[in-house]
Amino acid sequence: MTSAQNLRADAHRLADPLPALLAQADHLASTVLLGDHGRRRAGMGDTFWQYRSAQAGDDLRRIDWRRSARADSNFVADKEWQIAQSVVLWVDRASSMTFTSDDDTPTKADRASALALATAILLDRGGERVGLTGMRLPPRRGAGQIGQMAAILCETDTTDYGAPDVKGIMPHARAVFISDFLGDISGTKEALLKAADNGVRGALLQVLDAQEESFPFHGRTIFQSMGGGFQHETLQASDLRMRYLDRLAARKDELAQLASGTGWQFHTHHTNTPATSALLWLYQLLSRSA
Amino acid sequence: MWTLGPIGFAAPFLLLGLIVLPILWLLLRAVPPAPITRRFPGVVLLLGLTDKESQSDRTPWWLLLLRLLAVAALFIGFAGPVLNPSTAKTGSGDLVIALDGSWAGAAGWAARIELVDGLLDEAARTNRRTAVINLADLPTGEIPFAAPSEWQDKLANLQPQPWQPTDATSDWFAAQSGSFETKWMSDGIDWAGRNDLLATLEDRGPVTVYQSPRTVYGLRPPRYEDGEIVVSVVRTPIGNAATIPLTAIGLDPAGVERQLQTIDLDFAAGAPLAETALVLPPELRNRVTRFELTGQRSAAAVSLTDDSLKRREIALIAGGETREALDLLSPLHYLREALTPTADLINGTLSDIILANPDVVVLADVATLGGLETEALTTWVEDGGMLLRFAGPRLAASDLGRSEEDPLLPVRLRAGGRTVGGAMSWGEPKALAAFPDTSPFFGLPIPDDVTVSAQVMAQPDPTLATRVIAGLADGTPLVTRKTLGLGQVVLVHVTANAEWSTLPLSGLFVQMLERLAISTRADTSDPTELAGTTWLPTTVLDGFGRLQDGKALAGIDGELLATRTSSPTIGPGLYSGQESQIAVNVIGPDTTLSVAAWPARIPVEGLASLRETALKGWLLTAAMGLLIIDILASLLVGGRLRGPRANVAASLLAMMLFAPDAQAQTNDAAAIAATSQVVLAHVITGDKETDDIAQAGLLGVSRTLFQRTSIEPADPVAVNIETDELAFFPFIYWPIIPDQALPSREAYAKLNRYLRAGGMIMFDTRDADTARFGSGSPEGRKLQAIARGLDIPAIEPIPDDHVLTRTFYLLQDFPGRYASRDIWVEAAPAGAELSEGMPFRNLNDGVTPVVIGGNDWARAWAIDAAGNRMFPVGRGTAGERQREIALRFGVNLIMHVLTGNYKSDQVHVPALLDRLGQ
């Protein structure tokens, strides 16, 4: 039984990060100039794009008579292609993402959320529909959608490691999976294959902490996962370093292989580097080949 | 107490605790260092990895060893270990501890006393009556047996004596009754009577000798030989080749004692003697007061010099040496012969000679002196010179001193003189009368063959009788003397050659010159000469070779001085008699040193005494240190010293290890910051408010400069004159507060270097509202105290035409918060003159190194961070005007610092215009 007071406190606690996250994402999104927004080519749409001479095969209905009347030849008024794309995001909210090695760098979850939300804002401004996987937030447009997405991204999961959820991805939509991909890879693999079967293409963004890349440990150490579900004890941590790094490289390699096999893109981002680079990568990828 | 080798334990049963160490080893070994738990998402990638080194789950052996050592140190420490525990030695009956106690033992005196202390401890334990006897300073009467503790109280009074024990010691002991054991601290060198004493002591009981092999050096009195000073050093003929530096010490012209010359003496291995010659200019040689062997601490390493080394400078001047090539007839020939061995002769004209300030001027038959020469000579005599005149035909023929006494003649002279015993006169040549006892010549034997055949005669006078110091048999004066000022004038009434008398041919002539202290051959060694005289010690040496004032000591009978070496009756030192000084030294000209050899039956022990040393504190400290190392090592092994989150430990370590480096880096950064731009500086006085105001004031003047001139200073800095480098700053503002600490010597050196290298310091006493400059306000007195150590040139109140009045603005007032006109700057050179048609003098060089005033400029200049004025100046518009002038003064001041006297070059404008043809 939750008292009203507790509920309110909880609500506050939940709501607190929202403006910050939104502002952060907004700020992040504003760093990307929408220079090549839109499809920039003739296609289905409402807004005028260009007049061009009618060619054989052009539907008579498409001839702009008003324009043609002023000349000898017939003209067709092209509209700009404005097909709205659906982009579905999945952000790992498992407890492994709450890790940060340094008080000055954000947790992986924070960075992942900020990147996802900024991408969503950019896509929304670009006229795309953005949603989250799962059935909670199907792709839609508008500021309300962004707010809801922020709220959902603030939630955390208690599982140790997460796996992408492919529910709610429409065929031929675009998808972005953001996670550390440290957990069991079979879930990721399965999700990816399923999505690829549906003609979904997209990007895998791996967010890692600096310590996960460098493994700067020495001495007798017990390593625990963030949820405490996994544990490994070593007597000489520094001794494990090379082997850990080998395994990490193998994991990345595997992910890259998986991505290229399904036509996806794979990128690794570190929380101690600026988020903008990852955002640019994501945005370029999504706007390049709609 | 239970002993183990040189170590004894107060609580040995605690050592049983050491048995647990092996058990501890096993226990500790089984317990590995506690692991550290880390949250790490990448753990899944680690799953399945195994450690390569399987044994590191045990504590590393070196950590174990460290801990065991710490525990063992604790056990052993609490067991109360004592190094060299004193164990009771056998011995009973009375004990005599005899010390040679001579200068030779001065070098190791502390060790000897410590050893005696240890022996007394021992004697106290066995309740023996003890006597400590310094053989060089024997007590009178019975052997003063007393309780050892009583002697321990008196040990500090035992001092080495600056002489050796004598034969008398043996007799003294022989006269004592009873038997006793003797422990004898030998100084290591042999002395007369040592064997006798040993025999005497052996009759009374067992004798143990304590002696350590040590080379003892002694400096023989330097002697003068053929223009060189020959110094020789003797040593006990043991030891390797050695080089001993010797220093000649004397007063410099300012009266300050200095090292005048240093020379090395080389001993070959085993050689007992080293000798070298020292060449010193006469000026320096006469200044030498003593020679010292550097680094040797005994009376034998010091040799005082008396008159024997001094060579007087004697100027010889003869009247008209016109006859050529007749040396024997030269008025100066016999004087030269007599004086050359013992004095330095100077030739030249009188006016030149007086400049050289000789000790004696000899005028042989010189009658007329120029007015200027007379004046100079009189002044010189009155300042302590000695003028010796000889008569001769010219003096006899002149009218000098006829009617009234000439200041440079002791008596009036009668015209013509007289001749006796010649072909044209009656009578025999006169012989000399015996010298009266008031005469300095008293006691000199008069040879029969000394006769006088001609002389100048003294006019009978009331004062004549007191001035005659030698006369002829008929009562006419031969030598007369009077004092003039501090000096004296002596007239010998015959010639200096053999024309008028045979005196110059005899040995008496030389002796008389000596007695007059004209020549100074040291033959005061003749005991008969010294008999009956009394000499007062002026300086005496103690056993360590330290000089001490001897004026409070009683006079010494002259006969004792004859040997010139010290003995229990006469200590080394400088003794002054009527007209000369005698130095008594420890080492005589023929002294040799030899090692004291003891018969085989006498046990000889070294001087090294082993004191009880409690080791408990050391061991416990070591245990603590080991435990601290153990903490660090455990952190290291546990991975807490490295890796993430180890920054605290690492930074602590870094602070301990690299703090100086960081300091150096800051210094470098500060130096670069201070030198890459113009930076004004103020001295940190220690009073925060004053420092803040000084900082704000300099900031204000810096801003003003930036706005108005091409000088664009950076923010001012505060300098600590003790630690910071000053050379980076062109200008330093120094507000004076009354309770400021004086700079250290190093800081003074730095400040003086800064001032000499062209820096400027502005002293601001900030008291111009209440005090005039130099009127003794607390700040003024502090400024005087500070400035005492500074190299500040002559200063004067700032003149109207000082370049500070026009370096940027034209100013005549230099107000700060107060508008006093008392500002002092370096005085203009005396020769500065007003140029034709120019309003100021031709002062072209030098920036004043100091500006001193009390107008509290910093407060007038001060601005806060927002650029607002911090303190009011004056009242209303006039006050603002005063502040503006104060700022202008600041601008002028910094311009003056940076451009020097550039603005003074305007004095050249007329000349330049002229040259340009305008």
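This is a predicted model: local features need pLDDT of at least 70, side-chain atom pairs count only at pLDDT 80 or more; totals for chains, interfaces and linings use all residues.
Local features are taken at pLDDT of at least 70 and side-chain atom pairs at pLDDT 80 or more, while totals for chains, interfaces and linings use all residues. Residues are numbered from 1 along each chain as its sequence is written, and chains are lettered from A in the order in which they are written.

**Exercise 1. Describe how helix α3 of chain B packs against helix α16 of chain B.**

Step 1. Begin with the elements: helices (H or I, at least four residues) and strands (E, at least two) are DSSP runs, numbered from the N terminus. Here α3(B) spans residues 61–78 and α16(B) spans residues 616–637.

Step 2. The two axes come within 8 Å and cross at roughly 160°, where axes are lines fitted to C-alpha atoms, for helices over the stretch in contact, and angles run from 0 to 180 degrees between N-to-C directions. The helices are therefore roughly antiparallel to each other, a term for angles over 145 degrees.

Step 3. List the contact, for which two residues must have C-beta atoms, placed from the backbone, within 7 Å. Contributors from α3(B) include B:Leu63, B:Leu66 and B:Ala70, and those from α16(B) include B:Leu619, B:Ala623 and B:Asp630.

Step 4. Sorted by kind, the residues of this contact comprise 16 nonpolar, 2 polar and 3 charged; Ala, Val, Leu, Ile, Met, Phe, Trp, Tyr, Cys and Pro count as nonpolar, Asp, Glu, Lys and Arg as charged, and the others, Gly among them, as polar.

**Exercise 2. Characterise the contact between chain B and chain A.**

Step 1. Chain B supplies 27 residues and chain A supplies 35 residues.

Step 2. On the side of chain B that touches chain A, β3 (36–39) and α2 (43–46) are the elements that give two or more residues, and the residues of that side divide into 14 nonpolar, 6 polar and 7 charged.

Step 3. Strand β7 (residues 221–224) of chain A runs parallel to β3(B) and is joined to β3(B) by 4 bridges, with A:Thr221 partnered by B:Ile36.

Methods
Angles under 35 degrees count as roughly parallel, over 145 as roughly antiparallel, 65 to 115 as roughly perpendicular and the rest as oblique. Two strands pair if DSSP finds at least two bridges between them.
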